[in-house]
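This report describes the architecture of a single protein chain. It begins with a sheet and the helices on it, then turns to the cores, two further helices and selected loop residues.

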Amino acid sequence: MKTGTHHKPAHPYFSLLDTLQQYKASWFRNDLVAGLTACVVMIPSVIAYAELVHLPAITGLYAALAAAIGYALFGSSRHVIAGPDAAIGLLVGSAILPLSAADPARLALLAAELGLLSGAVLLLAARLKLGVIADLLSRPVLVGYLNGASLILISTQLGKMFAIKTQGEEFFPMLSSLASQLPTAHIPTLIFGLLLIALLAAVGHWIPKVPGALLCSAVAILATYLFDLGRLGIALVGTVPSGIPQLAMPMVLWSDIALLAPAAVAIAFLAFSDGILLAQAFAEKHGYEVNPNQELAALGSANILAALWQGFPVSASQSRTSIVSVAGGRTQVAQLVAAAGLLLFLLFLTGLMAMLPKVALGAILIVTAIGMLEVASLRTLYKIDRNEFFIAMTVTLVILLTGVVTGVIAGLLVSLIAVLVEISRPRDAVLRRLVNDGKFHDCLDDDKAEDVPGVIVYRLYAPLIFANARYVFERIHQLVDAAGPELEWLIIDAQAITDMDVTAAQRFAELHRELNAQGVLIKIADAPRPFREELAKVGLSDALGSQQFFVSVKKAVEAYEQLQHQRLTQLPT
């Protein structure tokens, strides 16, 4: 069902004001139900994500509250719910733990600093209108990241399952630490954790509409109440403070900025890439538009407010956004309702969390990590493109060996290198004429097609720029040499050459002179305006002459064949 029509917002920066001005009273019931549902479902999850950042459980609630308010004020999406996220939380934890010397106060400061830096990067990108930067995170890199992050997330929670304190943050050292301490595992904790994982798996399989994390937490709290799990040695979350978090500016240290900058950039990339895909998907589903740069600003504001409210970096949540959509949410008022619910929980109900076993948080995170694994996507990449499969596996391996931050940065570099390689080695084709209709195509082997004697029809499937000019003109020289002395015309089908820079234009001029000396004339067919303009800038339009340009390849070949016919008729009989 459509929730609105396309219109220019009256308040381009404060999207919520635009929403409230058009708000209908009939929408509130939907937003109320959707917001309260999202609130109830997110509470156990955000507490679990705080564990990933190595911060107290209450900070997950603080971050969720701040993110909900910050995003709702500025976000152009009517359905996206912002807050703590497993993948982002793992990245944050892996970035700040090595710098903290295991000092809780230092961890909290670093998390807040990282939130401020990530928010600043996002706001700067919004100011510079860099919404397109999300495209730099290719699908193979995202698949590789999610698989690597999922495996590390599982390894970080195994200690809770066995009641063992593991060492380090990297994947293999954690597994080694766990293996060496297995004889000291606490069996009651392990059994209870496995039962909770089985419960979560069963709920996800048979009754997926029931929020598994909420049910798992409720069962675990009830079990603590009935069987006094603390007496059995099963660790509990313990006392969680109540009340509204204090709004305070963290004391940012200049020395920390340089250390946290790579992680801040990685978080900004991931948060926005995931957030904009989510926003666009739900906007399309409900019939409205989102502004990528406004989403950057909303996520930046959510991160900065989370940092000021004793939280940590946040992102968009797919599960909570889906819940709001399914529950019938219409606008960002649903997110404000969720924030109000969190506020009430902080004021009056945090005592319930004291009876929550820590192993329940581990079980929730392990099942979340399993759900994040992109095994099917890996299979698809393997079938479609082995190079992209290799990129995904490389990113996963780098994350497992060196950590999440390094893996994400490596993934971005691999994406850029892959783009440069693709640009520098563009696809091309020699066109042939179909026998049945006389049109020229990039023919398959089984097509009934013919070559035109004395002519090569060459098509480039890319702009002609400095990065690929040498490769393209070497390919043309190879084709000309292979054609032999019978070749008279090289017809370039230029319809896909949407741009040509100065370097490529100069090389084109060189090619024209070299082929002209060999007795081969260059003809241009179906040339777009940018290509013709660049030819004119380097004087090639005059050198070629207007007679060398044709509206189509077919017209160019017909002109050649007509010339050949004239030659034949002029021969003495």
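## The sheet and its helices

Helix H18 (residues 466–483) lies across E3, E7 and E8, and its direction is at about 160 degrees to E7. Helix H22 (residues 553–570) also packs on the sheet, where it touches E7, E8, strand E9 (521–525) and E10. The direction of H22 makes about 165 degrees with that of E8. As throughout this report, these descriptions refer to a predicted model.

The sheet itself is open and consists of 5 strands in the order E3-E7-E8-E9-E10, with mixed pairing. Its edges are strand E3 (428–430) and strand E10 (549–550); each has a single partner strand, so one side of each is left without a neighbour in the sheet. Strand E7 (residues 455–460) and strand E8 (residues 489–493) run parallel and are joined by 5 bridges. Within this pairing, valine 455 has tryptophan 489 of E8 as its bridge partner.

## The chain as a whole

The protein chain contains 22 helices and 10 strands. Its C-alpha atoms fill a box of roughly 115 × 60 × 50 Å along the principal axes. Of its 573 residues, 52% count as buried. Among contacts between residues at least 6 apart in sequence, 80% join residues at least 24 apart.

In soluble globular proteins, nonpolar side chains tend to be buried together. In this model, the largest nonpolar core has 128 residues, of which Leu61, Leu91, Ile96, Leu114 and Tyr145 touch the most other members. Helix H10 (residues 254–286) supplies the largest share of this core, with 15 residues. Apart from it lies another core of 31 residues, including Val480, Ile497, Met500 and Leu544.

Which residues does leucine 91 contact, leaving aside its neighbours within four places in sequence? The contacts of leucine 91 are Tyr145, Ala263, Ala266, Ile267, Leu270, Val404, Val405 and Val408.

In helix H7 (residues 171–181), the residues Phe171, Met174, Ser177 and Leu178 are buried. Seen down the axis of H7, these residues fall within an arc of 135 degrees, so they line one face of the helix. They pack against H6 and H16.

Helix H15 (residues 375–384) has Ser377, Leu378 and Leu381 as its buried residues. They cover an arc of only 105 degrees around the axis, which puts them on the same side of H15. Their cover includes helix H6 (139–162) and helix H16 (386–402). On the face of H15 turned away from the buried side are the exposed residues Ala376, Arg379 and Lys383.

## Loop residues

Most residues other than glycine have a negative phi, and most peptide bonds are trans. Lysine 129 has a positive phi, near 55 degrees, and is placed in the loop between helix H5 (104–127) and H6. Glutamine 310, likewise not a glycine, has a positive phi of about 65 degrees. Its place is in the loop between helix H11 (292–308) and strand E2 (315–317).

Serine 76 is placed in the loop between helix H3 (57–74) and strand E1 (81–83).

| Residue | Relative accessible area | Class |
|---|---|---|
| Lysine 129 | 61% | exposed |
| Glutamine 310 | 38% | partly exposed |
| Serine 76 | 17% | buried |

Serine 76 counts as buried because its relative accessible area of 17% is under the 20% limit for that class.

Methods: Residues numbered from 1 in each chain as written. Predicted model: local features only at pLDDT ≥ 70, side-chain atom pairs only at ≥ 80, totals over all residues. Heavy atoms only, no water. Buried < 20%, exposed > 50% of the residue type's maximum accessible area, 1.4 Å probe, protein only. Helix = DSSP H or I, 4+ residues; strand = E, 2+ residues; numbered from the N terminus. Arc of directions from axis to C-beta. Contact = heavy atoms within 4.5 Å. Core = buried A, V, L, I, M, F, W, Y, C linked by side-chain atoms within 4.5 Å. Pairing = 2+ DSSP bridges. Axes fitted to C-alpha atoms, helices over the stretch in contact; angles between N-to-C directions.
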